[in-house]
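Here is a short briefing for a reader new to this structure. Please look over the sequence and the 3D view before reading on.

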Amino acid sequence: MKKELLKILKQCINSKNIELGSNLSPSQELINSKTIIWNDSLDTYNINFTNPIVNSILTEIAQERLKRELPNDIISTLKFIDDFEEDVKRPETNITWAGLIQLKNSLKVHLLANLHNEHNVDLVVFLDNLKNKESKRVKELYSFEDLFFKALPYLKINIETIFDIIKKKYPKKNYEPLINNFCRNLGFTNPALAHELFEFGKANGLNQIGVLTANLLVGLHNNGDNTAYEKAKNLFIDNEMLSIFFFGRAQLKTIQEINDAISIIEKIDKTNEQSIFELECFYENLLENELITEEITKYCFKKFNELFTIDNDNLRWRIIHTFSHSIKNYEIERYNFLLFALDTGKNPNYIKRYFHTYKDPKYFFDLFSYAYKNLGIRTNIELFEDDFIHFWNDFKESTENHILECLTNQNKLLRTGAIKLILNSRFTCHVNLLKIKKSEQQLRALEALTDFPHSIDNLISIILPLRKSKSSKVVQYLQNKLSTLIYDAYHEYLFNLIEKNIGVTQKDIDFIKPIKQTLEHYQKIKELKSSINDLNPWENERQHMDLYYRLEHENHAIMMNKIKEGKGTFLEFFGKSHIIVRGNSWKTDGDDDIRQLAKIEHSTVLDGRAYKNPDQFEHNLNNPKSLF
């Protein structure tokens with residue numbers, strides 16, 4: 001067995017991967033020794049790094065690779081393993097070896113336990129003498145507390161000492177999560193010790209130290225111990241908080257267990273704030289259980305509604321987080337809850353990232369459509385962006401279909417909202433308008449896209465494919481709209497974009513011909529107007545412009561003098577003056593070096609009609625009625 005396992009471990013190290021694949025055929029001896037275990041979720045064999053046999057062989061491999069013996073003190077041992085980690089990383093690759101951290105930490109735990117048990121190195125005394133601040137330790141000891149509590153189940157020490165460590169360390173900063181994890185995991189790593197600690201703790205006040213008793217029972221129950229459930233039920237008599245904590249985290253294995261738990265939980269004091277928060281965990285735990293019936297599902301969502309009516313922001317956000325990040329199924333139930341939450345809590349921020357675990361975008365777009373049809377452009381698009389990007393990345397086809405439905409809706413405001421989603425803050429989503437079958441719907445999409453007030457540079461590549469529409473009416477409308485935009489808004493800039501985004505086929509040449517004629521007509525009128533001085537503001541309003549720039553220059557000079565002197569700013573108290581030199585450079589007082597100003601710029605292409613006739617433009621933009 002050792003020879004076979006040694007070969008497998010060396011292959012893992014060389015390939016930088018602890019997943020052995022589904023094609024591996026380990027001997028029955030390896031499987032029985034639990035050195036190799038099957039991972040159902042990943043459908044592969046894995047190395048069991050908690051097994052002492054595995055860690056003993058890894059120690060031999062480390063000694064062989066590093067060509068030195070294993071040290072007999074804590075710091076040198078931890079450094080030995082860190083050196084082993086660096087050695088197995090070589091040669092460096094772009095592949096991230098996630099299993100290496102697990103391998104390293106398991107080996108550290110194994111060797112620390114070995115030092116304590118076989119070499120008379122007292123880990124308990126070492127922990128007591130450890131400096132509290134990590135910054136004052138050598139780097140090998142930065143996470144020693146975590147390693148200690150992972151090694152504790154394997155140390156040869158009596159139950160009184162373990163209880164004393166828990167009692168003494170639990171109130172100290174950063175120890176609470178470590179001790180809770182120790183108690184929870186003890187049911188898996190050392191069930192006999194978990195039972196012993198539970199019985200000893202019951203007689204010595206462990207129930208009064210946080211939720212450690214409940215965590216012991218959770219670990220035992222989840223590892224298949226049938227006595228833990230009954231012990232948890234009995235806890236309710238003395239401490240209902242520990243009981244509800246258990247039921248909120250234990251993997252309930254039968255309908256009878258689930259019904260018993262519900263009966264017990266119904267008796268708790270619902271005026272206790274801490275109990276109310278634990279109720280939220282309990283109902284979440286039930287919903288994640290595959291055994292629950294439709295009746296229990298309805299019961300859970302009813303109870304969540306009741307919890308949400310409690311005027312407690314922390315509780316409400318915790319429930320929202322549960323439904324948006326933890327629970328993966330029940331999409332329609334969670335959506336109905338969101339509508340209830342928005343009506344009850346009056347907080348639109350509940351929407352943000354709420355749909356992050358959804359697979360069907362229809363609920364997201366149902367809410368999005370409702371918002372835009374009722375609020376129009378006042379709708380805060382930022383509330384929807386993150387979830388839209390989630391759907392676009394993971395479920396692109398169905399998301400694109402919903403976007404196209406929005407773009408072809410009779411309500412123009414909803415179409416505007418869909419365009420804002422397309423032009424989200426991260427990237428432009430290129431939808432295929434040719435998937436729209438009806439010509440009337442294609443016209444609606446074009447109407448919205450060509451009336452949108454900005455970002456024509458990003459939208460043009462979405463718009464132009466409709467030049468290939470089967471409907472001549474759509475093609476002609478597209479030509480007319482582009483011609484209007486060139487004449488009234490974007491001029492040569494848009495024409496150049498169109499040329500870049502179409503081909504050189506005869507159809508494309510024919511398509512762009514009337515658009516080019518519009519540009520030529522605009523240029524002739526522009527040239528004519530430029531020749532008439534009465535229409536030139538530089539000529540007939542020069543005195544007003546000169547006055548404006550003179551006043552601006554004077555105000556700018558006064559402002560710069562004040563800044564230089566630090567008057568009216570925090571510079572009155574500290575700081576240096578920075579002088580702008582010739583508009584493109586700067587220097588600091590007392591420093592003769594002149595430095596170039598960094599170039600920072602941002603530009604957005606705006607529809608020229610927005611400032612030519614802003615009232616009419618805004619009216620058209622906010623008008624929900626469509627021409628089609």
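K34 is exposed, with a relative accessible area of 55%. The model is a predicted one. K34 sits in the loop between α2 (28–32) and β2 (36–39). Its phi is positive, about 60°, although K34 is not a glycine.

**Backbone with positive phi**

- Most residues other than glycine have a negative phi.
- H491 lies in the loop between α25 (472–490) and α26 (492–501).
- Is H491 buried or exposed? H491 counts as buried, at 17% relative accessibility. The cut-off for buried is under 20%.
- K34, by contrast, is exposed at 55%, where the cut-off is over 50%.

**Helix α7 and its cover**

- Helix α7 spans residues 144–151.
- Why is α7 described as largely enclosed by the rest of the structure? The reason is that 6 of its 8 residues are buried.
- Those buried residues are F144, E145, L147, F148, F149 and A151.

- K169 is buried, with a relative accessible area of 4%.
- Beyond residues up to four places away in sequence, K169 touches L127, D128, Y175 and I179.
- Side chains of opposite charge can pair when their charged atoms come close.
- K169 and D128 form a salt bridge, at 3.2 Å from N to O. D128 lies in helix α6 and K169 in helix α8, so the pair ties together parts that are 41 residues apart in sequence.
- D128 counts as partly exposed, at 36% relative accessibility, whereas K169 is buried.

**Other salt bridges**

- How many salt bridges does the count give? The count comes to 33.
- K231 forms a salt bridge with E199, the closest N and O atoms being 3.4 Å apart. This pair links distant parts of the chain, with K231 in helix α12 (residues 227–238) and E199 in helix α10 (residues 191–204), 32 residues apart.
- E199 is partly exposed, with a relative accessible area of 37%. Elsewhere, salt bridges that share partners join E85, E86, K89 and K104 into one network.
- E86 and K89 both lie in helix α4. They are 3 residues apart, about one turn of the helix.
- E86 counts as partly exposed at 37% relative accessibility. K89 also counts as partly exposed, at 27%.

**Surface patches**

- Which residues form a positive surface patch? They are K131, K133, K136 and K173.
- K133 lies in the loop between α6 and α7.
- K133 is exposed, with a relative accessible area of 53%.
- A nonpolar patch on the surface is formed by L528, I532 and L535. Together these residues have about 280 Å² of accessible area.
- L535 is found in the loop between α27 (506–530) and α28 (537–540).
- L535 is exposed, with a relative accessible area of 51%.

**The loop residue L606**

- Where is L606? L606 is in the loop between β6 (595–596) and α30 (609–612).
- L606 is exposed, with a relative accessible area of 53%.
- Leaving aside neighbours within four places in sequence, L606 is in contact with P453, H454 and Y490.
- L606 and N622 are 16 residues apart in sequence. In space they are 17 Å apart, C-alpha to C-alpha.

Conventions: Residues numbered from 1 in each chain as written. Predicted model: local features only at pLDDT ≥ 70, side-chain atom pairs only at ≥ 80, totals over all residues. Heavy atoms only, no water. Buried < 20%, exposed > 50% of the residue type's maximum accessible area, 1.4 Å probe, protein only. Helix = DSSP H or I, 4+ residues; strand = E, 2+ residues; numbered from the N terminus. Patch = residues over 30% accessible without salt bridge, like charges linked within 9 Å, V, L, I, M, F, W, Y side chains within 5 Å. Areas by Shrake-Rupley, 256 points an atom, 1.4 Å probe, with all protein chains shown as cover. Salt bridge = Lys/Arg side-chain N within 4 Å of Asp/Glu carboxyl O. Lys, Arg positive; Asp, Glu negative; His and termini not counted. Charge placed at Lys NZ, Arg CZ, Asp CG, Glu CD. Contact = heavy atoms within 4.5 Å.
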